[in-house]
Amino acid sequence: MRLSRYFLPTLREDPAEAEVISHKLMLRAGMIRRLASGIYSFLPLGLRVLRKVERIVREEMDKAGALEVLLPLVQPAELWQETGRWDKFGKELLRFKDRKDHDFCLGPTHEEVITDLVRKEVRSYRDLPLILYQIATKFRDEIRPRFGLMRGREFIMKDAYSFDADEEGLNRSYELMYEAYEKIFNRCGLRFRAVLADTGAIGGDVSHEFMVLAETGEDVIASCPSCGYAANLEMAEATRRFSYPEEKEKPLQKVSTPGVKRAEEVAAFLGVPLAKLVKTLIYLVDGKPYAVLIRGDHELNEVKLRRALGAERVEMAGPEEVEKLTGAPVGFAGPIGLSRVTIIADRALEGLKNFVVGANEKDAHYVNANFSRDFKAEAFYDLRNVTEGDLCPRCGKPLTLTRGIEVGHIFKLGTKYSAAMGATFLDREGKERPLVMGCYGIGVSRTVAAAIEQNHDAQGIIWPLSLAPFHVALLTLGPQDDELMRASEALYQGLTQAGVEVLWDERDERPGVKFKDADLIGLPYKVVVGKKFKETGKVEVKPRAGEGLQLLSPEEAVNFLKEKVASQT
């Protein structure tokens, strides 16, 4: 492709709207443009990368025996009402009515739709196992779209669904998809890790997330270098039991803490370690109030709270609700004398003595509070986020924390949807049983952004060869020179015929502009036809990342790049 004929509106400066590297670079490189909040148009360069990801995904899914379908974006409310998710999914589900006043939604996911399709067609165990997938647009009405394609409202996703006769079959399908995902992300040239994860709104009892490792990632991964255990922070078990020094219980004392609310401020004001302060967080758990106790230097994990209590929904109580339940404004809640809520505590508090808690009174706290003597916790659970150095739940060695970007998520759904929607089959004995399901998603457009978050420098993007929109940037330095143009034309034709995708910059621009644009869009190799060619008959071949400039004849350059592309795509 000749750059003079290509639609590539690059930008020299970072757009003010962009917050993360991938968003900045995709806008600057002319890959995407914003249409509305969380909704983007793909320009030619961006679409080429998207199609590269789709091709890899499609090839590996097909190899695994999955069959491609295409399901509607617009879904009738009746299907969601069958599973109970019409009311439970939340405001991310964009609901609307058609002209006949029927309720519909834009699909954020397709469990109901695929289950409806299969329940109408699959009758016997002979039709199983079955794995169907699609690559299609989804829509989730995110409350705060941000980070470009990383958290948009409209996005491209691959979602697959397996249907089996029993749990053993589901395990085989799950393992098949797990292996396919490893192949997909390896082929994309990404450094990634599969981790245990929460099933969230999709449901089921087992799931893994596939995380692209990047310092800018939103998610935190806890992993063990010794045994390989890895989990999303939401699911990482805090198994460490703290050994507190023996001390006698001291008399409870109320102290004045005027205007001091935050845990760090209270600890500093009273001159005690943050670990000797206990935060009392008021939550509504499926509408019921709970006081959740957690050590001052730890953070509550809401997913663990929800799972510990077997709840559908947990949310922090608002200021009015907190004052109504505790008698004090936010920042002064405590467990002593708190009679209108259920009190639960994190396991790290077991054995702690003489700690600080709120006094349920404005500008006041208690010091030397103790369990049993001053108040009672109904139960102790693992409710906190693990921290660096916590012990691995499998081998007991220290955990490390890294950051990642979720690009894939797989679930064992079991019969959650099939039982609710009457999706059954006849087994070998002629007995009717619900289908056993799995669900497997990849954020295709998010993978594009994640690849940039992992592969960039101060000059721009550094594409893995398998995802690059073009393999080579061919730069002609002196397009008015007939000799250079003839050599560039021959090189362009030779590379193209060899299966190398080339973006030929034959514009009448200064060399500095061409080099800056080439580095910005991040094609894996630059081939420069300029002064060196006139002097030696050789072109400069240089990888986008790292050292390795070579002077090669045009024929040598073609063969070299042909081999590189063949080995990495």
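Modeller: Asp 363 sits in the loop between strand 18 (355–358) and strand 19 (364–369), where helices (H or I, at least four residues) and strands (E, at least two) are DSSP runs numbered from the N terminus. Its phi is near 65°, a positive value in a residue other than glycine. With a relative accessibility of 25%, Asp 363 counts as partly exposed, the class that lies between buried, under 20% relative accessible area, and exposed, over 50% (1.4 Å probe, protein chains only).

Before going further, please keep in mind that this is a predicted model, in which local features need pLDDT of at least 70 and side-chain atom pairs count only at pLDDT 80 or more, while totals for chains, interfaces and linings use all residues. Residues are numbered from 1 along each chain as its sequence is written, and side-chain values use heavy atoms, with hydrogens and water left out.

A positive phi in a residue other than glycine is also found at Asp 101, where the value is near 70°; that residue belongs to the loop between strand 5 (95–97) and strand 6 (103–106). Another backbone feature is the cis peptide bond between Leu 128 and Pro 129, with omega at about 0°, and Pro 129 itself is part of the loop that runs between helix 5 (111–121) and strand 7 (130–139). Gly 30, which follows helix 1, has a positive phi near 70°.

Helix 1 (residues 21–28) is itself mostly covered, with 6 of its 8 residues buried, namely Ser 22, His 23, Leu 25, Met 26, Leu 27 and Arg 28. The elements that cover these buried residues include strand 1 (32–36), strand 2 (39–42), helix 11, strand 25 (456–457), strand 26 (460–461) and helix 13 (511–521). Within helix 11 (residues 444–454) lies Ser 445, a buried residue with a relative accessible area of 3%. If its neighbours within four places in sequence are set aside, Ser 445 is in contact (heavy atoms within 4.5 Å) with Phe 42, Leu 50, Leu 149, Phe 155 and Ile 156.

Two helix pairs can be described in more detail. Helix 2 (residues 44–63) packs on helix 6 (residues 167–187) at an angle of about 150°, the axes being 9 Å apart; here axes are lines fitted to C-alpha atoms, for helices over the stretch in contact, and angles run from 0 to 180 degrees between N-to-C directions. The two are therefore roughly antiparallel, given that angles under 35 degrees count as roughly parallel, over 145 as roughly antiparallel, 65 to 115 as roughly perpendicular and the rest as oblique. Their crossing is right-handed, a term used if the near helix is turned clockwise from the far one by less than a right angle, anticlockwise being left-handed. From helix 2 the residues Arg 55, Ile 56, Val 57, Glu 59, Glu 60, Met 61 and Lys 63 meet Met 177, Ala 180, Lys 183, Ile 184 and Arg 187 of helix 6, and by class this contact holds 6 nonpolar, no polar and 6 charged residues. In that division Ala, Val, Leu, Ile, Met, Phe, Trp, Tyr, Cys and Pro are nonpolar, Asp, Glu, Lys and Arg are charged, and the others, Gly among them, are polar.

In the other pair, helix 12 (residues 482–497) and helix 15 (residues 554–568) pack at about 30°, with 10 Å between their axes, which makes them roughly parallel. The contact involves Leu 491, Gly 494 and Leu 495 of helix 12, together with Pro 554, Ala 557, Val 558 and Leu 561 of helix 15; these residues divide into 6 nonpolar, 1 polar and no charged.

As for the cysteines, a search of the whole structure finds 0 disulfides, a disulfide being a pair of cysteine sulfur atoms within 2.5 Å. The sulfur of Cys 392 lies 3.6 Å from that of Cys 227, its closest cysteine sulfur, which is too far for a bond, and Cys 392 is buried at a relative accessible area of 3%. Cys 105 is also buried, at 0%.
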